[in-house]
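Please keep the sequence and the model in view while reading the points below.

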Amino acid sequence: MILGESGVGKTALIECFAAAIYNGNIVDSLKDATLFEVNTSILLSAASYKGEIEDRLLNIFKESRNYQKPIIFIDDFHTLLEDKSTNKSIANAIKSEINTGGVTLITATTSENYRKLIAVDEGLERRMELYRLKNQTMS
């Protein structure tokens, strides 16, 4: 999980990572990796039945396994956990996927949203490796 305030470059970091994979300028162990970005707005939109968001997410994980070394990036990860009626089932789906190890998951959020929505779930927090980005100023 990449933590950092808005505008610090979390998404830009992943875009550079994607470009490095595409151009082959990456360590050998990631040369065959495929990076997918999950658009949380689309994932959450127009869900009409309980469990639909979880089903969509699980289908994304399932389909990504058709590729060598799949990596899924979810920006604004906290948005998946904001709805109290679905956050536990979504978190459980994500924890289950992390446990199987078939897909590498990279997420991004702010420190505040991490504290409010992710750190409160000890099981989810335990499965996340944190990388903090800090704002750097040019002199």
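Which residues does Asn113 touch, not counting residues up to four places away in sequence?

1. Asn113 touches His78 and Ile118 under that condition, where contact means heavy atoms within 4.5 Å. The model is predicted: local features need pLDDT of at least 70, side-chain atom pairs count only at pLDDT 80 or more, and totals for chains, interfaces and linings use all residues. Residues are numbered from 1 along each chain as its sequence is written, and side-chain values use heavy atoms, with hydrogens and water left out.

2. Asn113 lies in helix H5 (residues 111-118); helices (H or I, at least four residues) and strands (E, at least two) are DSSP runs numbered from the N terminus. Its relative accessible area is 13%, so Asn113 is buried (buried means under 20% relative accessible area, exposed over 50%, partly exposed in between, with a 1.4 Å probe and protein chains only).

3. Helix H1 (residues 10-23) has 14 residues and reaches 20 Å from its first C-alpha to its last, close to the 20 Å expected at 1.5 Å a residue; the expected span is 1.5 Å times one less than the number of residues.

4. In H1, the buried residues are Lys10, Ile14, Phe17, Ala20 and Ile21. They lie on the same side of H1, because they cover an arc of only 115° around the axis, taken from the directions from the helix axis to the C-beta atoms. The face turned away from this buried side carries the exposed residues Glu15, Cys16 and Tyr22.

5. Strands E1 (2-3), E2 (34-38), E3 (70-74) and E4 (104-109) are what the buried residues of H1 pack against. Just after H1, Gly24 takes a positive phi of about 75°.
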